[in-house]
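Subject: Structure handover

Hi there,

Here is the structure I promised to pass on to you.

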Amino acid sequence: MPSSSSRRRRKPPAPDPTQDRGRRFDAGGNATETAAQRESAGQRSAESTSIFVQGNAACARGALAAGLRFFAGYPITPSTEIAEIISEELPKRGGRFIQMEDEIASMAAIIGASMAGAKSMTATSGPGFSLMVENIGLAAMLEAPCVIVNVQRGGPSTGLPTKTHQADVMQARWGSHGDYPIIVLTAASVQDAFDLTITSFNLAEKYRTPVVLLLEEATGHMREKIEIPPPEAIALFERTAPSVPPGEYLPFDDRFGDVPPFAAYGTGYRYHATGLTHNRTGFPTEAFEEIDELLRRHARKISEDIAELRLVEHYKMDDAEIALVAYGSSARAAKGAVDLARAEGLKLGMIRLVILWPFPTAVIREAAAQAKHLIVPELNMGQMVREVERAASGHARVHSMTKVTSELWAPHEIVEKARALLGVNGGA
Amino acid sequence: MGPVTGNPKQHDDAPGLTDALGNTADVLASTRQYLRPFKKLPTVWCPGCGLGIIQGAIVRAVDELGLEKDNVMFVAGIGCTGRMPTYLDFNTLHVTHGRAIPAATGIKLANPELTVFVVMGDGDATAIGGNHLIHAARRNIDLNAIVVNNYIYGMTGGQYSPTTPVGSKASTAPYGGIEPPFDVSRLVTAAGASYVARTTAYHATKITQYVKEAVQNPGFSVVEVMSNCHTTYGRRNKLRNPIDLIRWLKDHAVEKKKWDSTEPAERPEGAFCVGVLHSEPRPDYVTLYNQIIERARNAEAETGTPPAPVEVPKPAPMAEPVAVRLSGSGGQGLILAGVIYGRAASVYDGRFAAQTQSYGPEARGGASKSDVIVHDRPIVYPEADEFDLMLCMTQEACNRYAPHLKPGGTLLVDSLYVTECPTEGACALPLTEIARNVVGRQVTANVVALGALSVLSPVVSEAALRAAVLDAAPKGTAELNTSAFNEGIKAARGLESGRRPR
């Protein structure tokens, strides 16, 4: 079995409007690392490379392209290929990989590594994600940048290890106890798995937050061709370093905005960080106003009011009477459904949620003002549809399409639903 | 609370004082420089608690070793002991219950220059964090774990822990404990810790000595310090005065030499062995991992430059998506064949392709499959109900999948294994026999099949498939695989026209 190394190099492709490319959604343009620095770090400069790989492999490559320095994980289907590839590739770049004793330890280890300054990541699936949620709360509290990939499988419990679902979208938001914000992205294609892994790192670093990237068994195991741009064409965001000397540094200083500058342990900035509710000095507090200050700053830091976080794709929405609101693999089917329906003269459009959390309420509200119906096809019993209903708040009728057989949505199934809503009989 | 045994202001660090153990101001000064210079005293610990003594002993070890504050890291979990880093002027991190060791593991791997201490109580280290403790020991990761064992969960009010002695009372063992306790030092020794020492809060200078030795040991070191919780343990077990409890620790600590030369009956009930209990230095995890980094980099350097890109002619436009299924038994190389097919269609022919395959038990049975959807546009639906092109290399796969062949579709079967074909007009070729007898390696049957498919179906061009086959060929097998591909082409061309697809 060959490795899926570079097979053919070609010039960077012209933007293709028919393809949803996650790079378009990259957070910030404030790359602090230059191409030359990455070059000296051992990455080859080249033209864009086409490869045919699994979504899990694309995710691993995205992480390496984003500057991953530490990975801790525990084997679980259908995510394991990510750990396997990274265990082989990361040491070549001087980074370190470790297989921990469980997912609880994996999550704790990436938090530790992040606090010591390393871009860190883990990858898992539902049962492992359930174990990680404890320390995802800790990452949120410590404001430790890190990326958690959940390649979703069927559940609950051990469920269906090799079958696909989209059932962890609410857990990704609310899995850990307490009131904390989090960023959750989701991929629809193998190219997305590459692009959005980079975006996940950029957002984690920029907002000092754990970022969850949801893949699905279907996208994690599927192979497609992807274009890997040369390193100098990939914008990377590095966490903001303190601008004050160690004596004046406060680890959760809000004088510099809602995202405090970050000092890695071992760089001369000695401080305390804790999972306990703390004030800007990092030490525990039980003072009412300081508790309120901390939790409200967290909430402001990662909120739907931040325009940059409204990562969505509009597809043929200009004159749409029915809007499909879809994400992940279901967005592929929805896009196919829009094209099928348009061929019959039915005015369908799609809003693809690239970001699930914070939920882009304003985008859905706008769609609800325009379209009569919103259809939300999901591979679960109906989870995000509740958020869509909340955002639409009565301005459009919201219809849930649920499927839990572990099969994917097919475009024609969604078109049938649209026809029924419009009172149109079956097409050709 | 037990009886008040000290003035809360005894921690006032004004110079010139002598502490409860008679330490002079000089000793206090060496300790004080490692305490955070603001606000945090008195500590959260009860008056008379051993943790203050232990904390002082640890920082004196840091002082005597001459470690730079900036290079020292303290990680702790939950419990009374977990609060220690709050007071220390180092890099300090306070995490979730039981998770101090894995968090410290990440820190050490991200920055091996740091000297990392992990301070834990018995509950933190051996109950909720027990799994992490033994695995850190097994890995020999260079952490200095200090386990303060006071037989009880103190912070939550005196529930029994994995080290509470049988018969002792606790708030959740009101009738006395019935669970045998862990011997922490023996546990971590068995798990692979390379330095293990045990002492008590009474033996403050021993704590300092062992912590120094732990730091000097390159690997996972554990210093177990038996300590007093008169407030929640002693109160329920007739040792409510801290002095009584510390004296009890002193009287029940038996030096290793004496321990080894006495019979259990000769020791007081509840006695424990103290001293350096285990010391067997071996390479630590980071040292070994750095060798991995070197090995991986050397392997990368040997790989050399990738082969020059192959250009193939642009294929004819494709109006509808085409579905291809390659099936057979696990081990026949069908998954790889599907990957090669998808790569040929996408990377070389410039179309879009989505490849999926069976996983789990299905992949190992006789009807393993690898599907490829090929189209000129992005593939919205990576699955198919009917297939334009199908390869079946076992009877079981043929029985199961051939009915899903589209009318007019092309079916290629391996005539060695497929003797009954449910579909008319199948192309039967002895793919495995050609691989075995003509090419000389049975394992190339999948490549023989790909050669034949390039003739039987126009979905992927011969040039593209040939290039993708060579990409996939392991080093030194290009000739063998080219031969297999060519034999497949030859066999397919030799089919009678009646057996060729329409």
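Two strands are said to pair if DSSP finds at least two bridges between them. With that in mind, β12(A) and strand β15 (residues 373-378) of chain A run parallel and are joined by three bridges. Please keep in mind throughout that this is a predicted model.

One of the contacts between these two strands puts Ala323(A) across from its bridge partner in β15(A), Leu374(A). β12(A) also pairs with strand β13 (residues 348-353) of chain A, again in the parallel sense, and here there are five bridges. In β13(A), Met350(A) is the residue that stands opposite Leu324(A). Helix α10 (residues 329-343) of chain A belongs to this picture too: together with β12(A) and β13(A), it makes a right-handed β-α-β unit.

How much of β12(A) is covered? Strand β12 covers residues 322-326 of chain A, and five of its five residues are buried. In a regular strand, side chains alternate between the two faces of the sheet. For β12(A), one side carries Ile322(A), Leu324(A) and Ala326(A), the other carries Ala323(A) and Val325(A), and all of these are buried, leaving both faces covered.

Now to the rings. Over all chains, the structure holds 12 aromatic pairs. One of them is Tyr265(A) with Tyr271(A): the ring centres are 4.9 Å apart and the planes are at 25 degrees, so this pair is stacked. Tyr265(A) counts as buried because its relative accessibility is 0%, and Tyr271(A) counts as buried as well, at 4%. Both belong to one aromatic cluster, together with Tyr249(A) and Tyr269(A).

Chain B has a stacked pair as well: Tyr34(B) and Phe90(B) are classed that way because their planes are at 25 degrees, with ring centres 5.6 Å apart.

Finally, two contacts between a charge and a ring. The ring of Tyr315(A) has the charged end of Lys335(A) over it, 5.0 Å from the ring centre. Likewise, the charged end of Arg173(A) sits over the ring of Tyr180(A), at 5.9 Å from its centre.

How values were computed
Residues are numbered from 1 along each chain as its sequence is written. Chains are lettered from A and ligands numbered from 1 in the order in which they are written. This is a predicted model: local features need pLDDT of at least 70, side-chain atom pairs count only at pLDDT 80 or more; totals for chains, interfaces and linings use all residues. Side-chain values use heavy atoms; hydrogens and water are left out. Rings of Phe, Tyr and Trp (its six-membered ring) pair if their centres lie within 6.5 Å; planes under 30 degrees apart count as stacked, over 60 as edge-to-face and the rest as tilted. Buried means under 20% relative accessible area, exposed over 50%, partly exposed in between (1.4 Å probe, protein chains only). A charge sits over a ring if NZ of Lys or CZ of Arg is within 6 Å of the ring centre and within 35 degrees of the ring normal. Helices (H or I, at least four residues) and strands (E, at least two) are DSSP runs, numbered from the N terminus. A crossover is right-handed if, with the strands pointing away from the viewer, the path from the first strand over the helix to the second runs clockwise.
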